[in-house]
Amino acid sequence: MKTIDQKTAAPPLNSLEVLEKSLTLPSPLIPFCPSWHGAESVSMWVKRDDMIHPVISGNKWRKLAYALRSNKIAEVISFGGGFSNHLHALGFVCYTLNIKFTAIIRGDYSAAPTPMICDLVRWNTQIDYVNRLTYQKRNDEHYLAALQIKHPHATIIPEGGSQHAALLGVQELVHEITTPFDVIMAPVASGATLAGITSALSEKQTAIGIGVLKGQGYLESLVSQFLPHQMDNWTINHNYHCGGYAKVPATLATFCEEFIQTMPFKIEPVYSGKVFWALKNMLNEGFFAPGTKIVIVHTGGLQGARKN
Ligand SMILES: *Cc1c(COP(=O)(O)O)cnc(C)c1O
């Protein structure tokens, strides 16, 4: 008598290969010519990592790519806030690839889940709300060891997807740029994106990170910890965090609204908005030498600004 093997009867899983084929890579590099004071004396391009995928956008794909490619993953655990672009991207990847996913979220949103969390629920994510004290342990060795014992088959990915393997994926974005440039700009939160960019630059090219949270000294230490050796081709500008992470004063909100109305692509106030706001002000101050060729990395993250 024949028996039906449930496993072979199941539909074929969507493979990483299929997923990768659906991505817009290399991401487009588009000329950027705003009518801002000072813009006429430099050349600018935007590296549109926000276009990589409608859901898995921006630097979160770059940071996850190598982790996904190098391991056969059956289960993933990761961390983030209620609006996390990282959890959103990872949640969608896990759903598509049929990987069990547990999201450990800072704060209890069970009474009022954010649009990001609603998406995770739709994608079969196991949601685990923790208080701030527990969340603070997210990089603690003992806490992680206990978590691993509870989930022996899980791959634990740090907050933001920021781990050493993330740099390899970020480096690809720099290698995709075939137009010569002098300076590349990107937002900085956990530092892995800037570290990846910095480690892929050629001689004489420099990177400017825009700190999106209050963290002079702290953000530099985060970036340095990811770098294989000390490098002096990068700096972080701390003048444009606008009061702290996800803080949106009226000037920034207005800037973003006007930007969206007049430019060919969208930005949001947490990351890309602060970078373009910084750029506009730096151009106005004559920060860049005439003729400087500047690439601005659009790291995506538009889902975080959704109202519903
Ligand atoms: C997470 C995120 C960043 C921050 O990148 P880090 O590698 O943590 O510094 C920047 N932009 C967007 C859109 C993000 O989602």
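Predicted model: local features only at pLDDT ≥ 70, side-chain atom pairs only at ≥ 80, totals over all residues.
**Around the ligand**

- There are 15 residues around the ligand, and K60, N85, S190, T193 and T299 come nearest.
- Sorted by class, the shell around the ligand has 8 polar, 5 nonpolar and 2 charged residues.
- Three elements each supply at least two residues of this shell: helix 3 (59-70), strand 7 (183-188) and helix 9 (192-198).
- Helix 3 gives the most, with 3 residues.

- For S190, a polar side-chain atom sits 2.5 Å from an oxygen atom of the ligand.
- T299 pairs up with a nitrogen atom of the ligand instead: an N or O atom in the T299 side chain is 2.6 Å away from that nitrogen.
- How much of the ligand does the protein bury? On its own, the ligand would expose 380 Å², and the protein buries 97% of that.

**Two crossing helices**

- Now find helix 11 (residues 250-262) and helix 12 (residues 272-284), whose axes come within 10 Å and cross at roughly 90°.
- An angle from 65 to 115 degrees counts as roughly perpendicular, so that's the label for how helix 11 and helix 12 sit relative to each other.
- On the helix 11 side, T251, L252, F255, C256 and F259 make the contact, and they meet G273, K274, F276, W277 and K280 in helix 12.
- By class, this contact between helix 11 and helix 12 has 6 nonpolar, 2 polar and 2 charged residues.

**Backbone details to spot**

- Back to P26: the peptide bond leading from L25 to P26 is cis, with omega near -5°.
- C242 isn't a glycine, yet it has a positive phi of about 60°.
- You'll find C242 in the loop between strand 9 (234-237) and helix 11.
- A246 isn't a glycine either, and its phi is positive as well, at about 65°.
- To locate A246, look in the loop between strand 9 and helix 11.

Key
Residues numbered from 1 in each chain as written. Heavy atoms only, no water. Axes fitted to C-alpha atoms, helices over the stretch in contact; angles between N-to-C directions. Helix = DSSP H or I, 4+ residues; strand = E, 2+ residues; numbered from the N terminus. Parallel < 35°, antiparallel > 145°, perpendicular 65-115°, else oblique. Contact = heavy atoms within 4.5 Å. Nonpolar A, V, L, I, M, F, W, Y, C, P; charged D, E, K, R; others polar. Near = heavy atom within 4 Å. Polar contact = N/O pair within 3.5 Å; in protein donor to acceptor, adjacent residues only side chain to side chain. Areas by Shrake-Rupley, 256 points an atom, 1.4 Å probe, with all protein chains shown as cover.
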